[in-house]
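Good morning, and thank you for making the time. I would like to take you through one structure, from its chains down to a few individual residues.

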Amino acid sequence: MKRMTGIALLIALLSTGCRPMGLPAISDPVESTTTTIATRTTTRSIADSGPSQPLNPAGSVAPSEGTAPEVAIDLTELDALLAELDDVLADVDGAMKEGEEQ
Amino acid sequence: MKTNLVKRTAAGATISAMLMAMPGTAFAQTEPVDSTVTETDRSATLDGLKRRALETIDTRLDAIDRWTHRVETNEHLTDDHRSVLIAELNAAAGGLRSLAADIEAATTYSELGGLIPKIVEGYWVFALLGPKVHLVIAANVMADINDRFDEVAASTQEAIERVEAAGYDPVDARAALDRMLAHLTAASTLIDQVPGSVLHLRPADMPEAGEQLRSAQADLKSAAEELRAAQQAGRQAVEAIKDAIHR
(Lines give C-alpha, C1' and ligand atoms only; values in the text may rest on other atoms or scores of the structure.)
Protein backbone atom coordinates (compact mmCIF):
# COMPACT_ATOMS: atom_id res chain seq x y z
CA MET A 1 0.00 0.00 0.00
CA LYS A 2 2.81 2.32 1.00
CA ARG A 3 4.61 1.41 -2.20
CA MET A 4 1.50 2.16 -4.30
CA THR A 5 1.11 5.58 -2.71
CA GLY A 6 4.77 6.34 -3.37
CA ILE A 7 4.43 5.51 -7.05
CA ALA A 8 1.25 7.60 -7.35
CA LEU A 9 3.00 10.55 -5.72
CA LEU A 10 5.97 10.22 -8.04
CA ILE A 11 3.67 10.21 -11.10
CA ALA A 12 1.83 13.29 -9.77
CA LEU A 13 5.09 15.13 -9.20
CA LEU A 14 6.44 14.29 -12.60
CA SER A 15 3.22 15.38 -14.33
CA THR A 16 3.35 18.85 -12.71
CA GLY A 17 6.93 19.43 -13.75
CA CYS A 18 8.47 18.90 -10.28
CA ARG A 19 11.01 16.17 -10.08
CA PRO A 20 13.16 14.44 -7.53
CA MET A 21 16.82 15.16 -8.06
CA GLY A 22 18.28 13.21 -10.97
CA LEU A 23 14.98 12.61 -12.79
CA PRO A 24 14.05 14.65 -15.87
CA ALA A 25 10.76 16.58 -15.67
CA ILE A 26 8.10 15.68 -18.24
CA SER A 27 7.86 19.34 -19.20
CA ASP A 28 11.61 19.80 -19.63
CA PRO A 29 12.18 22.45 -22.36
CA VAL A 30 13.52 20.08 -24.99
CA GLU A 31 12.29 22.31 -27.82
CA SER A 32 13.83 25.45 -26.42
CA THR A 33 17.19 23.69 -26.21
CA THR A 34 16.87 22.85 -29.89
CA THR A 35 15.97 26.45 -30.69
CA THR A 36 19.00 27.70 -28.79
CA ILE A 37 21.25 25.38 -30.69
CA ALA A 38 19.68 26.43 -33.96
CA THR A 39 20.07 30.09 -33.09
CA ARG A 40 23.68 29.56 -32.18
CA THR A 41 24.28 27.77 -35.44
CA THR A 42 22.69 30.61 -37.40
CA THR A 43 24.64 33.23 -35.47
CA ARG A 44 27.83 31.33 -35.99
CA SER A 45 27.24 30.89 -39.71
CA ILE A 46 26.69 34.63 -40.19
CA ALA A 47 29.68 35.48 -38.01
CA ASP A 48 31.85 32.89 -39.71
CA SER A 49 31.03 34.24 -43.12
CA GLY A 50 33.06 37.41 -42.49
CA PRO A 51 36.26 38.28 -40.66
CA SER A 52 35.84 38.49 -36.87
CA GLN A 53 35.04 41.91 -35.44
CA PRO A 54 35.87 43.36 -32.01
CA LEU A 55 32.84 43.98 -29.81
CA ASN A 56 32.38 47.48 -28.42
CA PRO A 57 30.99 48.00 -24.88
CA ALA A 58 27.41 48.28 -26.18
CA GLY A 59 27.70 44.82 -27.68
CA SER A 60 27.64 45.83 -31.32
CA VAL A 61 30.52 45.25 -33.67
CA ALA A 62 32.72 48.25 -34.22
CA PRO A 63 33.66 48.86 -37.85
CA SER A 64 37.33 49.21 -38.52
CA GLU A 65 39.46 49.52 -41.63
CA GLY A 66 40.55 46.17 -43.00
CA THR A 67 37.94 44.09 -41.21
CA ALA A 68 34.94 44.82 -43.42
CA PRO A 69 32.77 41.80 -44.25
CA GLU A 70 33.14 40.45 -47.75
CA VAL A 71 30.20 41.07 -50.06
CA ALA A 72 29.98 38.76 -53.02
CA ILE A 73 26.80 39.09 -55.08
CA ASP A 74 26.97 37.97 -58.68
CA LEU A 75 24.70 40.09 -60.82
CA THR A 76 26.04 38.87 -64.15
CA GLU A 77 23.45 36.07 -64.23
CA LEU A 78 20.75 38.74 -64.36
CA ASP A 79 22.17 40.00 -67.66
CA ALA A 80 21.75 36.53 -69.15
CA LEU A 81 18.22 36.31 -67.77
CA LEU A 82 17.32 39.65 -69.30
CA ALA A 83 18.69 38.46 -72.65
CA GLU A 84 16.42 35.40 -72.35
CA LEU A 85 13.59 37.77 -71.55
CA ASP A 86 14.20 39.72 -74.78
CA ASP A 87 14.07 36.44 -76.72
CA VAL A 88 10.68 35.37 -75.38
CA LEU A 89 9.23 38.83 -75.91
CA ALA A 90 10.49 38.76 -79.50
CA ASP A 91 8.71 35.40 -79.91
CA VAL A 92 5.48 36.94 -78.62
CA ASP A 93 5.87 39.91 -81.00
CA GLY A 94 6.43 37.50 -83.88
CA ALA A 95 3.37 35.42 -83.01
CA MET A 96 1.16 38.49 -82.66
CA LYS A 97 2.39 39.91 -85.96
CA GLU A 98 1.89 36.59 -87.71
CA GLY A 99 -1.66 36.45 -86.36
CA GLU A 100 -2.49 39.90 -87.64
CA GLU A 101 -1.02 39.18 -91.06
CA GLN A 102 -2.98 35.97 -91.44
CA MET B 1 -14.50 48.76 -84.04
CA LYS B 2 -12.81 49.88 -87.23
CA THR B 3 -9.63 48.09 -86.18
CA ASN B 4 -11.53 44.86 -85.58
CA LEU B 5 -13.17 45.12 -88.94
CA VAL B 6 -9.81 45.65 -90.63
CA LYS B 7 -8.27 42.72 -88.77
CA ARG B 8 -11.22 40.48 -89.51
CA THR B 9 -10.90 41.38 -93.18
CA ALA B 10 -7.14 40.75 -93.15
CA ALA B 11 -7.50 37.43 -91.32
CA GLY B 12 -10.02 36.16 -93.82
CA ALA B 13 -8.13 37.39 -96.87
CA THR B 14 -6.72 33.99 -97.77
CA ILE B 15 -10.09 32.33 -97.45
CA SER B 16 -11.82 35.14 -99.34
CA ALA B 17 -9.36 34.75 -102.18
CA MET B 18 -10.17 31.06 -102.37
CA LEU B 19 -13.90 31.67 -102.28
CA MET B 20 -13.67 34.37 -104.92
CA ALA B 21 -11.87 31.94 -107.18
CA MET B 22 -15.00 29.84 -107.33
CA PRO B 23 -16.92 30.27 -110.56
CA GLY B 24 -20.22 32.08 -110.12
CA THR B 25 -21.44 32.78 -106.60
CA ALA B 26 -19.24 31.15 -104.04
CA PHE B 27 -21.90 30.55 -101.44
CA ALA B 28 -24.65 29.54 -103.84
CA GLN B 29 -26.61 26.57 -102.67
CA THR B 30 -26.48 25.08 -106.12
CA GLU B 31 -23.59 24.60 -108.46
CA PRO B 32 -22.80 27.75 -110.44
CA VAL B 33 -24.03 27.72 -114.00
CA ASP B 34 -21.52 29.26 -116.34
CA SER B 35 -21.77 28.40 -120.01
CA THR B 36 -18.14 29.41 -120.61
CA VAL B 37 -16.80 26.84 -118.13
CA THR B 38 -16.79 23.23 -119.23
CA GLU B 39 -17.36 20.36 -116.83
CA THR B 40 -13.64 19.51 -117.03
CA ASP B 41 -12.68 23.12 -116.19
CA ARG B 42 -15.07 23.20 -113.28
CA SER B 43 -13.75 19.94 -111.97
CA ALA B 44 -10.19 21.28 -112.25
CA THR B 45 -11.24 24.45 -110.43
CA LEU B 46 -12.92 22.44 -107.71
CA ASP B 47 -9.80 20.33 -107.31
CA GLY B 48 -7.63 23.44 -107.38
CA LEU B 49 -9.69 25.05 -104.65
CA LYS B 50 -9.51 21.90 -102.58
CA ARG B 51 -5.75 21.76 -103.02
CA ARG B 52 -5.36 25.38 -101.90
CA ALA B 53 -7.66 24.79 -98.96
CA LEU B 54 -5.68 21.71 -97.92
CA GLU B 55 -2.41 23.65 -98.24
CA THR B 56 -3.86 26.32 -95.99
CA ILE B 57 -4.73 23.65 -93.45
CA ASP B 58 -1.26 22.08 -93.73
CA THR B 59 0.36 25.45 -92.99
CA ARG B 60 -1.67 25.58 -89.78
CA LEU B 61 -0.96 21.95 -88.86
CA ASP B 62 2.79 22.56 -89.32
CA ALA B 63 2.61 25.57 -87.00
CA ILE B 64 0.64 23.56 -84.44
CA ASP B 65 3.30 20.82 -84.56
CA ARG B 66 6.06 23.36 -83.92
CA TRP B 67 4.15 24.93 -81.02
CA THR B 68 3.30 21.53 -79.56
CA HIS B 69 7.00 20.64 -79.52
CA ARG B 70 7.80 23.94 -77.82
CA VAL B 71 5.12 23.45 -75.20
CA GLU B 72 6.20 19.86 -74.53
CA THR B 73 9.86 20.74 -74.13
CA ASN B 74 9.71 24.14 -72.44
CA GLU B 75 11.14 23.72 -68.95
CA HIS B 76 9.54 26.87 -67.56
CA LEU B 77 5.89 25.95 -68.14
CA THR B 78 3.85 24.81 -65.16
CA ASP B 79 2.21 21.40 -65.53
CA ASP B 80 -1.24 23.04 -65.53
CA HIS B 81 -0.42 25.49 -68.30
CA ARG B 82 1.32 22.79 -70.30
CA SER B 83 -1.66 20.44 -70.15
CA VAL B 84 -4.16 23.17 -71.06
CA LEU B 85 -2.09 24.25 -74.06
CA ILE B 86 -1.42 20.70 -75.24
CA ALA B 87 -5.14 19.89 -75.03
CA GLU B 88 -6.01 22.97 -77.12
CA LEU B 89 -3.29 22.29 -79.68
CA ASN B 90 -4.40 18.67 -80.01
CA ALA B 91 -8.05 19.69 -80.34
CA ALA B 92 -7.21 22.23 -83.06
CA ALA B 93 -5.04 19.73 -84.93
CA GLY B 94 -7.75 17.07 -84.71
CA GLY B 95 -10.43 19.51 -85.87
CA LEU B 96 -8.36 20.71 -88.82
CA ARG B 97 -7.57 17.14 -89.92
CA SER B 98 -11.24 16.29 -89.80
CA LEU B 99 -12.01 19.47 -91.78
CA ALA B 100 -9.36 18.48 -94.33
CA ALA B 101 -11.08 15.11 -94.77
CA ASP B 102 -14.44 16.85 -95.31
CA ILE B 103 -12.89 19.20 -97.87
CA GLU B 104 -11.26 16.27 -99.62
CA ALA B 105 -14.63 14.53 -99.83
CA ALA B 106 -16.58 17.60 -100.99
CA THR B 107 -18.07 17.22 -104.44
CA THR B 108 -19.85 20.54 -104.91
CA TYR B 109 -18.94 24.20 -104.77
CA SER B 110 -21.60 24.90 -102.19
CA GLU B 111 -20.20 22.16 -99.98
CA LEU B 112 -16.72 23.61 -100.33
CA GLY B 113 -18.04 27.13 -99.75
CA GLY B 114 -19.42 26.00 -96.43
CA LEU B 115 -16.20 24.27 -95.34
CA ILE B 116 -13.44 26.67 -96.41
CA PRO B 117 -14.33 29.55 -94.03
CA LYS B 118 -14.01 27.11 -91.11
CA ILE B 119 -10.26 26.85 -91.72
CA VAL B 120 -9.83 30.32 -90.24
CA GLU B 121 -12.97 31.05 -88.27
CA GLY B 122 -13.25 27.64 -86.66
CA TYR B 123 -9.78 27.77 -85.08
CA TRP B 124 -8.08 31.16 -85.49
CA VAL B 125 -4.80 29.24 -85.40
CA PHE B 126 -2.48 32.18 -86.11
CA ALA B 127 -4.60 34.96 -84.68
CA LEU B 128 -5.51 33.28 -81.37
CA LEU B 129 -3.84 29.92 -80.69
CA GLY B 130 -0.29 30.98 -81.62
CA PRO B 131 -0.34 34.20 -79.59
CA LYS B 132 -1.88 32.32 -76.63
CA VAL B 133 0.87 29.69 -76.69
CA HIS B 134 3.62 32.30 -76.91
CA LEU B 135 2.10 34.60 -74.29
CA VAL B 136 1.70 31.77 -71.77
CA ILE B 137 5.22 30.45 -72.40
CA ALA B 138 6.62 33.98 -72.05
CA ALA B 139 4.70 34.54 -68.81
CA ASN B 140 6.10 31.30 -67.37
CA VAL B 141 9.66 32.14 -68.43
CA MET B 142 9.31 35.59 -66.93
CA ALA B 143 7.87 34.20 -63.69
CA ASP B 144 10.99 32.03 -63.33
CA ILE B 145 13.23 35.01 -64.11
CA ASN B 146 11.33 36.98 -61.49
CA ASP B 147 11.94 34.18 -58.97
CA ARG B 148 15.67 34.24 -59.72
CA PHE B 149 15.71 38.01 -59.24
CA ASP B 150 13.96 37.44 -55.89
CA GLU B 151 16.81 35.11 -54.87
CA VAL B 152 19.36 37.75 -55.80
CA ALA B 153 17.37 40.30 -53.79
CA ALA B 154 17.42 37.88 -50.81
CA SER B 155 21.22 37.54 -51.14
CA THR B 156 21.51 41.32 -51.25
CA GLN B 157 19.31 41.56 -48.14
CA GLU B 158 21.56 39.06 -46.37
CA ALA B 159 24.66 41.02 -47.37
CA ILE B 160 23.13 44.23 -46.04
CA GLU B 161 22.34 42.51 -42.73
CA ARG B 162 25.92 41.25 -42.45
CA VAL B 163 27.26 44.72 -43.15
CA GLU B 164 24.89 46.16 -40.54
CA ALA B 165 25.94 43.48 -38.06
CA ALA B 166 29.53 44.57 -38.65
CA GLY B 167 28.59 48.07 -37.52
CA TYR B 168 28.18 49.85 -40.85
CA ASP B 169 25.09 51.79 -41.93
CA PRO B 170 24.32 50.95 -45.58
CA VAL B 171 21.32 53.28 -45.79
CA ASP B 172 21.59 53.78 -49.58
CA ALA B 173 21.84 50.03 -50.10
CA ARG B 174 18.65 49.46 -48.13
CA ALA B 175 16.85 52.11 -50.19
CA ALA B 176 18.06 50.56 -53.45
CA LEU B 177 17.02 47.10 -52.27
CA ASP B 178 13.56 48.46 -51.41
CA ARG B 179 13.29 49.82 -54.94
CA MET B 180 14.42 46.48 -56.35
CA LEU B 181 11.77 44.61 -54.34
CA ALA B 182 9.06 47.10 -55.40
CA HIS B 183 9.93 46.58 -59.08
CA LEU B 184 9.90 42.79 -58.60
CA THR B 185 6.47 42.94 -56.96
CA ALA B 186 5.13 45.07 -59.82
CA ALA B 187 6.61 42.67 -62.39
CA SER B 188 5.18 39.65 -60.59
CA THR B 189 1.67 41.15 -60.52
CA LEU B 190 1.76 41.88 -64.26
CA ILE B 191 3.21 38.47 -65.17
CA ASP B 192 0.83 36.46 -63.00
CA GLN B 193 -2.29 37.89 -64.61
CA VAL B 194 -1.32 37.02 -68.19
CA PRO B 195 -2.04 33.25 -68.33
CA GLY B 196 -5.44 33.71 -66.68
CA SER B 197 -6.36 36.51 -69.08
CA VAL B 198 -5.69 34.53 -72.27
CA LEU B 199 -6.06 30.80 -71.55
CA HIS B 200 -9.86 30.98 -71.48
CA LEU B 201 -10.12 32.67 -74.89
CA ARG B 202 -11.83 30.55 -77.52
CA PRO B 203 -12.29 30.87 -81.31
CA ALA B 204 -15.86 32.04 -80.65
CA ASP B 205 -14.39 35.04 -78.80
CA MET B 206 -12.61 36.26 -81.93
CA PRO B 207 -11.96 38.74 -83.31
CA GLU B 208 -12.77 40.77 -80.17
CA ALA B 209 -10.37 38.59 -78.12
CA GLY B 210 -7.53 40.13 -80.11
CA GLU B 211 -7.78 43.13 -77.81
CA GLN B 212 -7.14 40.91 -74.75
CA LEU B 213 -4.16 39.32 -76.45
CA ARG B 214 -2.67 42.74 -77.15
CA SER B 215 -3.36 43.80 -73.58
CA ALA B 216 -1.55 40.69 -72.26
CA GLN B 217 1.37 41.44 -74.58
CA ALA B 218 1.51 44.99 -73.19
CA ASP B 219 1.49 43.60 -69.63
CA LEU B 220 4.50 41.40 -70.37
CA LYS B 221 6.37 44.34 -71.91
CA SER B 222 5.63 46.43 -68.82
CA ALA B 223 6.78 43.54 -66.61
CA ALA B 224 10.01 43.35 -68.60
CA GLU B 225 10.60 47.05 -67.92
CA GLU B 226 10.02 46.41 -64.20
CA LEU B 227 12.58 43.57 -64.27
CA ARG B 228 15.13 45.81 -66.00
CA ALA B 229 14.51 48.48 -63.38
CA ALA B 230 14.90 45.81 -60.66
CA GLN B 231 18.26 44.84 -62.14
CA GLN B 232 19.38 48.49 -62.07
CA ALA B 233 18.27 48.85 -58.46
CA GLY B 234 20.07 45.61 -57.59
CA ARG B 235 23.29 46.96 -59.08
CA GLN B 236 22.86 50.19 -57.13
CA ALA B 237 22.31 48.21 -53.92
CA VAL B 238 25.53 46.24 -54.38
CA GLU B 239 27.49 49.41 -55.19
CA ALA B 240 26.00 51.14 -52.16
CA ILE B 241 27.04 48.24 -49.91
CA LYS B 242 30.61 48.55 -51.16
CA ASP B 243 30.51 52.33 -50.69
CA ALA B 244 29.21 51.94 -47.13
CA ILE B 245 32.08 49.61 -46.25
CA HIS B 246 34.85 51.63 -47.86
CA ARG B 247 33.87 55.21 -47.14
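This is a predicted model: local features need pLDDT of at least 70, side-chain atom pairs count only at pLDDT 80 or more; totals for chains, interfaces and linings use all residues.

The values I quote are all computed from it.

Let me start with the secondary structure. Chain B holds eight helices and zero strands, and its pattern along the sequence is α-α-α-α-α-α-α-α. In chain B, 48% of the 247 residues count as buried. If we take the contacts in chain B between residues at least 6 apart in sequence, 81% of them join residues at least 24 apart.

I turn now to the domains. Chain B is divided into domain 1, which covers 2-25 + 35-124, and domain 2, which covers 131-246. How many residues of each domain are in contact with the other? On the side of domain 1 of chain B there are 19, and on the side of domain 2 of chain B there are 16. Between these two domains of chain B an area of about 1,600 Å² is buried, and carbon and sulfur atoms give 66% of that area.

The polar part of this interface can be listed briefly. Between domain 1 and domain 2 of chain B the count is two salt bridges. Seven residue pairs are in polar contact between domain 1 and domain 2 of chain B, both residues being at pLDDT 80 or more. Which elements of domain 1 of chain B give two or more residues to the side that touches domain 2 of chain B? They are α1 (2-11), α3 and α4 (79-105) of chain B. The most comes from α4(B), with five residues.

Glu88(B) is found in helix α4 of chain B. It forms a salt bridge with Lys132(B), in which the closest N and O atoms are 2.6 Å apart. Is Glu88(B) buried or exposed? Its relative accessible area is 17%, and the cut-off for buried is under 20%, so Glu88(B) counts as buried. Setting aside residues up to four places away in sequence, Glu88(B) touches Leu129(B), Lys132(B), Leu199(B) and Arg202(B).

The second residue, His81(B), also has its place in helix α4 of chain B. At 17% relative accessibility, His81(B) is buried. Its side chain is joined to that of Asn140(B) by a polar contact of 3.0 Å. Apart from neighbours within four places in sequence, His81(B) is in contact with Val136(B), Asn140(B), Pro195(B) and Leu199(B).

Next, the aromatic residues. Over all chains, the structure holds one aromatic pair. Trp67(B) lies in helix α3 (residues 39-73) of chain B, and Phe126(B) in helix α6 (residues 125-165) of chain B, so the pair ties together parts that are 59 residues apart in sequence. Both Trp67(B) and Phe126(B) are buried.

Helix α3 of chain B also contains Leu49(B). With a relative accessibility of 2%, Leu49(B) counts as buried. The C-alpha atoms of Leu49(B) and Ala229(B) are separated by 53 Å, and these residues are 180 apart along the chain.

I close with two points of backbone geometry. Most residues other than glycine have a negative phi, and most peptide bonds are trans. Trp124(B) is not a glycine, yet it has a positive phi of about 45°. Trp124(B) is found in the loop between α5 (109-121) and α6 of chain B, and it counts as buried at 8% relative accessibility. The other point concerns the peptide bond that joins Met206(B) and Pro207(B), which is cis, with omega at about 5°. Pro207(B) lies in the loop between α7 (171-198) and α8 (210-246) of chain B.

Thank you for your attention.

Definitions and conventions. Residues are numbered from 1 along each chain as its sequence is written. Chains are lettered from A and ligands numbered from 1 in the order in which they are written. Side-chain values use heavy atoms; hydrogens and water are left out. Rings of Phe, Tyr and Trp (its six-membered ring) pair if their centres lie within 6.5 Å; planes under 30 degrees apart count as stacked, over 60 as edge-to-face and the rest as tilted. Helices (H or I, at least four residues) and strands (E, at least two) are DSSP runs, numbered from the N terminus. Buried means under 20% relative accessible area, exposed over 50%, partly exposed in between (1.4 Å probe, protein chains only). Domain bounds come from an automatic or database domain assignment. Contact means heavy atoms within 4.5 Å. Buried area is the accessible area (1.4 Å probe) that two parts lose on being put together, summed over both. A salt bridge is a side-chain nitrogen of Lys or Arg within 4 Å of a carboxyl oxygen of Asp or Glu. A polar contact is a pair of N or O atoms within 3.5 Å; within protein, one must be able to donate a hydrogen and the other to accept it, and residues adjacent in sequence count only if both atoms are side-chain atoms.
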